[in-house]
Amino acid sequence: MGGTLQAPAPAAPVQTEEQHRSRPEIVGPDSPEAPYPIHLAGAVQKGFGRGGKDLGCPTANLPDESISAMSSTVKTGVYYGFAQVIPPETAGFPSEDRQILPMVMSLGWNPFYKNKRLTAEIHVMHEFKNDFYGIEVKAVVLGYIRPELDFTSREALIEDIEMDKRVALKSLERPEYKKFAEDPHFNLVA
């Protein structure tokens, strides 16, 4: 993939019902292989506001400078790993919101919405009590789930997002992946 974050979006294949039904429940080898782990960090930016409102999957959008190294190394698609929200001590975040948690991440152009720029959107699998715009998020990307796809309907997109979450959770249960929840990239005394 190229190193630019703004360019014409490449055409994405449309997800079919057959492809959806044939997706595996666990992806990747038994332990992460190069180029993983990929470490990301950045202050959460306002996105389009679609993740939580339109799709029931709130996301933390990373700034361009935090994803440029990853976007020049891997292809667009959906990834899995761990993430942590690191609010300032004075922000009043409960301790459960500062834990290292499983995540899925979309790196791409979001063809269903016809985005004009490449984005990295992390969905931390936890129900947060607060918004965290402007607050640092750290992530360790450990594997690839699927390519970026277009969808025939919002419902089909939501179905695949829900499957992405299940695949991520099952894939992260393997011992060689679980240990990355204690990666030194994270703030381990949260």
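## Close-up views of a predicted model

**View 1. Strand β1 lies alongside strand β6.** Strand β1, residues 38–43, pairs with β6 in the antiparallel sense, and the two share 6 bridges. To find your place in this pairing, look for histidine 39, whose bridge partner in β6 is valine 140. Remember as you look around that this is a predicted model.

**View 2. Strand β6 also pairs with strand β3.** Here β3, which covers residues 77–86, meets β6 in the antiparallel sense over 10 bridges. Glutamine 84 is a handy landmark: its bridge partner in β6 is lysine 138.

**View 3. The largest nonpolar core brings together 28 residues.** The residues with the most contacts inside this core are Met70, Met105, Leu107, Ile122, Phe132, Val137 and Val141. Which elements give two or more residues to it? They are β1, α3 (64–71), β3, β4 (101–108), β5 (119–124) and β6. Strand β4 supplies the largest share, with 4 residues. There is also a second, separate core of 16 residues, and Val27, Tyr80, Leu172 and Tyr177 are among its members.

**View 4. Isoleucine 122 and the residues it touches.** Leaving aside residues up to four places away in sequence, isoleucine 122 touches Pro58, Thr59, Ala60, Leu62, Ala83, Met103, Val104, Met105, Val137 and Ala139. You have already met isoleucine 122 as one of the residues with the most contacts inside the largest nonpolar core.

**View 5. Aspartate 164 in helix α4.** This residue sits in the helix formed by residues 154–172. Is aspartate 164 buried or exposed? Its relative accessibility is 3%, below the 20% cut-off, so aspartate 164 counts as buried. Its side chain is joined to that of arginine 23 by a polar contact of 2.6 Å. Not counting residues up to four places away in sequence, aspartate 164 touches Arg23, Val78, Val104, Ile145 and Arg146.

**View 6. Stepping back to the whole protein.** The protein has 5 helices and 6 strands, and along the sequence they follow the pattern α-β-α-β-α-β-β-β-β-α-α. Of its 190 residues, 47% count as buried. Among contacts with a separation of 6 or more, 79% come from residues 24 or more positions apart. The accessible surface is about 9,500 Å², and carbon and sulfur atoms account for 53% of that surface.

Conventions: Residues are numbered from 1 along each chain as its sequence is written. This is a predicted model: local features need pLDDT of at least 70, side-chain atom pairs count only at pLDDT 80 or more; totals for chains, interfaces and linings use all residues. Side-chain values use heavy atoms; hydrogens and water are left out. Two strands pair if DSSP finds at least two bridges between them. A nonpolar core is a set of buried Ala, Val, Leu, Ile, Met, Phe, Trp, Tyr and Cys residues joined through side-chain atoms within 4.5 Å. Buried means under 20% relative accessible area, exposed over 50%, partly exposed in between (1.4 Å probe, protein chains only). Contact means heavy atoms within 4.5 Å. Accessible areas come from the Shrake-Rupley method with a 1.4 Å probe; for residues, only the protein chains shown count as cover. A polar contact is a pair of N or O atoms within 3.5 Å; within protein, one must be able to donate a hydrogen and the other to accept it, and residues adjacent in sequence count only if both atoms are side-chain atoms.
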